[in-house]
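Welcome, and take a moment to look at the model below. We will then walk through some of its charged pairs.

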Amino acid sequence: PMPQGATLYQTAFNEALVYDRDPDTLIVSFSARLKPAPPVFFGIGAVEKIGASAVHIRSMQNLWYADPDCVACIKAVRAYIQTRNFKRIVTYGFSMGAHGALRHAKGLGATQVVIGAPVATLNPAVEKRWQHDYSAISQGWTRKNYDALLGCRGVPIVVLADRASRDAVHINRLEKDAGAVILSVRYADHAVPKMLKAGGVLGQITRALMSGSYDLTEIRSTIQKSRKTNKMYLLALARHLQNQPARQERVLRYAVTACDGAPDVVLAAAGLRAKRGDFDLAARDIMGVFGGRNGGRINPALGQAIAEFCEAGGKPEAVAPVADAFAIETPRTREAHLWHARYLRFTGQYQAALAVHDRFMGKDEFSAHAYFERGQVCELLGDYAAARDAYVAAAGLNPNLPRAARALKNLNVKHPVWALKTRMMDRLFR
């Protein structure tokens, strides 16, 4: 037996750990994408609880297990498998990890694939969300190079996914072309593990699927029952009902009670109420959380609440103590900075918003949101050239931020005089 947690493969691109336990069952997990890289190893605790042997693989640079070095990593894992006599081999992962689990299933001799939030192909004609991750290695790729389904043909597949999400094209293809069994996780979008974890059933379901001892009807029932106290699901449901205010209000009241007044539930409910014009009730809830269970501490949920409150037309003075705390208390998470900057924009404090942007702007994907916010502020200040530069930067850092591209396109439409002068100057100095 190998030492538990021994390194099976390690380079600057991929790393694999091995846990030698059960001689009959092996789980090969692939980590999901994480920014900044590298992602953490995935599923170590879950696999340990079922007592199976495990190989945990992570892509150190978020290359989606499609890089040439990953072929060598899989070869090393296969060499380990050949020294054992496993009866069941399950590949397992979510999102980027799901792609790896599909792509390398046959190469590892898998008898089953268990995935969530699936990404079946990296083809930019189908999937554009993460193409900047692997653009450097995909030069000259054919359609086959992008496709993970070629690596799992004939292997039974179980998928945890939201059919109405941005993953729908992958889900439909898995179901149609690979005969996959789909377990619906409504309103999760791509955050399937987060939704199941919020419902308290992620570990229970994934352990059952990995162990091979499960009943699909029972799992579906477990997911459905977990919705009753799942704050993430209930808030998503409330957002879905935004055009049905009476039903939305009932869901919100139920969510606050069912989730024992959890602060983030109360704050999310306050934001939704503000959008409906219930400013007094929304402000009461925001201040109640701030002065109550939050104990005067700030966090991204509070920042989102006051930003949405003021964007909807609520009076800033109604939530002023929270805003004051954001102006004083540092350091904070980048997400909290972002919401604070939006609050400042919605309340007309443009120079202060620009100063907050400077605290968390960088050159990574998250910074695209800051550049978009800066573009919005610069437009309001009448500095359209700076707004254009900010939108260009946002679109360049995150191609999956469509509002940046829309804002850039609309800039010329909304400000035709400036656009005409810009074109004339471009021609003059061309």
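Is Asp147 buried or exposed? Asp147 counts as buried, because its relative accessibility is 10% (buried means under 20% relative accessible area, exposed over 50%, and partly exposed in between, with a 1.4 Å probe and protein chains only). This is a predicted model, where local features need pLDDT of at least 70, side-chain atom pairs count only at pLDDT 80 or more, and totals for chains, interfaces and linings use all residues. Residues are numbered from 1 along each chain as its sequence is written, and side-chain values use heavy atoms, with hydrogens and water left out.

Asp147 has a partner: Arg173 forms a salt bridge with it (a side-chain nitrogen of Lys or Arg within 4 Å of a carboxyl oxygen of Asp or Glu). Arg173, at 24% relative accessibility, counts as partly exposed.

A search of the whole structure finds 22 salt bridges. Here are some of them, with the N to O distance.

| Pair | Distance |
|---|---|
| Arg129 and Asp167 | 2.7 Å |
| Arg173 and Asp147 | 2.5 Å |
| Asp264 and Lys231 | 3.0 Å |

In the pair of Asp264 and Lys231, Asp264 is partly exposed at a relative accessible area of 33%, and Lys231 is partly exposed at 32%. Both Arg129 and Asp167, by contrast, are buried. Salt bridges also link Glu249, Arg253, Arg273, Arg276, Arg284 and Asp285 in a network.

Among the residues in contact with Ser31 are Pro39, Tyr65 and Met96 (contact means heavy atoms within 4.5 Å).

Terms used:
Lists of a residue's contacts leave out its neighbours within four places in sequence.
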